[in-house]
Amino acid sequence: MTLFGTQGINAAGHLTIGGCDTVELAERFGTPLYVVDEWLVRDNCRRYLGAFRAVLPEVEIAYAGKALLTTAIARLMDQEGMALDTASAGELYTALQAGFPPERIKLHGNFKKPDLLRMALETGVGRIVVDSLEELHDLSQIAAEMGRTADILIRVAPGIKAHTHHAIQTGQEDTKFGLGLRCGSAREGTRLALELPNLTLHGFHAHIGSQILDTDAFKHATAAMVDFLADMRDEFGFAARQLDLGGGLGIRYQEDDIPPTIEELAQAVGTALKDACAARDFPVPELILEPGRSIVGEAGTTLYTVGVVKHIPGVRTYVSVDGGLSDNPRPVMYDAVYRALLANRANEAPTHELVRISGAHCETDTLIPEIALPEPAPGDILAVLGTGAYNHAMASNYNRFSRPAMVLVADGQADLIYARESLADLVRQDLMPERLA
Ligand code: LLP
């Protein structure tokens, strides 16, 4: 079984992460528990910055906070010299609370309400990525009212289909995101952005999808976008200085998911960008990327306690754990498949039986449809790997479950970065009208 980052197995046969025994973590902090491997997060940031700066003159790597964002994670990204991509008032607020420099923050969203646009202008975010013609008008007007100028990129839908789950494909023409390249609205947006007052257009953005496992779609998107940049120069005399190619690099959920390495992605995109620019005699723009999953995904592990083991003779064995849909909705939403092991018996060989891991919700919340484990028993600690991205970020309080705690581990030290929600937290927003008293 391929382990991630600093994961290992100690003399007691327990899974360790960041030098911490995960069985002890489960005892100390309770389960379910998200464990984040600090070294791996930092190493991924450094590899992105190093690999892309080795092939291109100007590069910005903006961590996509939607994958996992708390104030501690934002701080870590700042320390690593990353920029930050936010996609809501909540993500922006979290980043600012962490003291993240606003000029290195970008704001995304296909429908940003006027209040959010005002918040972005007031706090001085570096770039607002405009998603529609309406937003260009709104932003220009709001910026004028505030006596500010908005620094923008325009999001383009480049018409590239990435090979990934249909729900996380976003770059194709038939999408709610961005201004279509083929239908001419991206061109119209460029004209408007250059014409409307209180807007400074710096360049263009495209994001083609997520959990992408080859470099082809990235290369095609790069070429299509450079063509568009050159067309806009030829038509309007505007030579974009920034090209943002979004995020999307996949991770190893299953043993046979083999994503390109960060270095391979850098080579592929760097070459595609330089070649496409040379072909159109266009000066190589600053490249911006917005990786989320590939920075934090493999760095996250969720620890659960095994509760009920139900054998149905001749049918299957259900192994229920103390979390599920509320802390990881991805199996139900996207048929995502995770790898897992028993953290307290990490050296034991699995039996030949494939068991099903189920959550504890009033719902058929299968977490892992079929997995070989060393005969799980109540009290075992199940470690599900690769849960750093879009787990805590997409967690809910369904069935009034409280969101799990999250610890950051490194060098044998574990620090809470998200406190487990309490039962009191669950009723904190509830209000009792007078007439029900
Ligand atoms: N930039 C933009 C504009 C995005 O929309 C996204 C992801 C990213 C960057 C980061 O993409 P990444 O590097 O993480 O693939 N909830 C889904 C994933 C949705 C991704 C949405 N946008 C999941 O759990 O698979």
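User: Why is Asn198 called partly exposed?

Analyst: Asn198 has a relative accessible area of 23%, and the scale calls a residue buried under 20%, exposed over 50% and partly exposed in between, using a 1.4 Å probe and protein chains only. The value falls in between, and therefore Asn198 is partly exposed. Residues are numbered from 1 along each chain as its sequence is written, and this is a predicted model in which local features need pLDDT of at least 70. Side-chain atom pairs count only at pLDDT 80 or more, while totals for chains, interfaces and linings use all residues, and side-chain values use heavy atoms, with hydrogens and water left out.

User: Where is Asn198, and what is its phi?

Analyst: Asn198 sits in the loop between α7 (185–195) and β11 (199–205), where helices (H or I, at least four residues) and strands (E, at least two) are DSSP runs numbered from the N terminus. Its phi is positive, about 65°, although Asn198 is not a glycine. Most residues other than glycine have a negative phi, and most peptide bonds are trans.

User: What makes Tyr390 count as buried or exposed?

Analyst: The relative accessibility of Tyr390 is 15%, so Tyr390 counts as buried. Tyr390 lies in the loop between β19 (381–385) and β20 (405–410), and it has a positive phi of about 60° without being a glycine.

User: How do you know whether Thr301 is buried or exposed, and what is it in contact with?

Analyst: Thr301, a residue of strand β14 (300–312), has a relative accessibility of 1% and therefore counts as buried. Contact means heavy atoms within 4.5 Å, and, leaving aside neighbours within four places in sequence, the residues in contact with Thr301 include Gln7, Tyr34, Val384 and Leu385. Thr301 and Leu385 are 84 residues apart in sequence, yet their C-alpha atoms are 4.7 Å apart in space.

User: Why does Gln254 count as partly exposed?

Analyst: Gln254 reaches 32% relative accessibility, so it counts as partly exposed. Gln254 belongs to the loop between β12 (242–244) and α9 (262–279), and, not counting residues up to four places away in sequence, it touches Val337 and Arg339.

User: What kind of peptide bond joins Thr31 and Pro32?

Analyst: The peptide bond joining Thr31 and Pro32 is cis, with omega at about -5°, and Pro32 is placed in the loop between α1 (22–29) and β4 (33–37).

User: Which residues are buried in helix α5, and what covers them?

Analyst: In α5 (residues 114–123), Leu116, Leu117, Met119, Ala120 and Leu121 are buried. Their cover includes α4 (89–97), β7 (105–107), β8 (127–130), α6 (133–146) and β9 (150–157), and just after α5, Gly124 takes a positive phi of about 75°.

User: How many helices and strands are there, and why is the protein called as compact as a globular protein of that length?

Analyst: The protein has 12 helices and 21 strands. Its radius of gyration is 23 Å, close to the 22 Å that the globule rule gives for 437 residues, so the protein is as compact as a globular protein of that length. This radius is taken over C-alpha atoms, and the rule is 2.2 Å times the number of residues to the power 0.38. Of the 437 residues, 56% count as buried.

User: Which domains does the domain assignment give?

Analyst: The assignment gives domain 1 (8–30 + 299–426) and domain 2 (38–294), with bounds that come from an automatic or database assignment. Between them, the contact takes 18 residues from domain 1 and 20 residues from domain 2.
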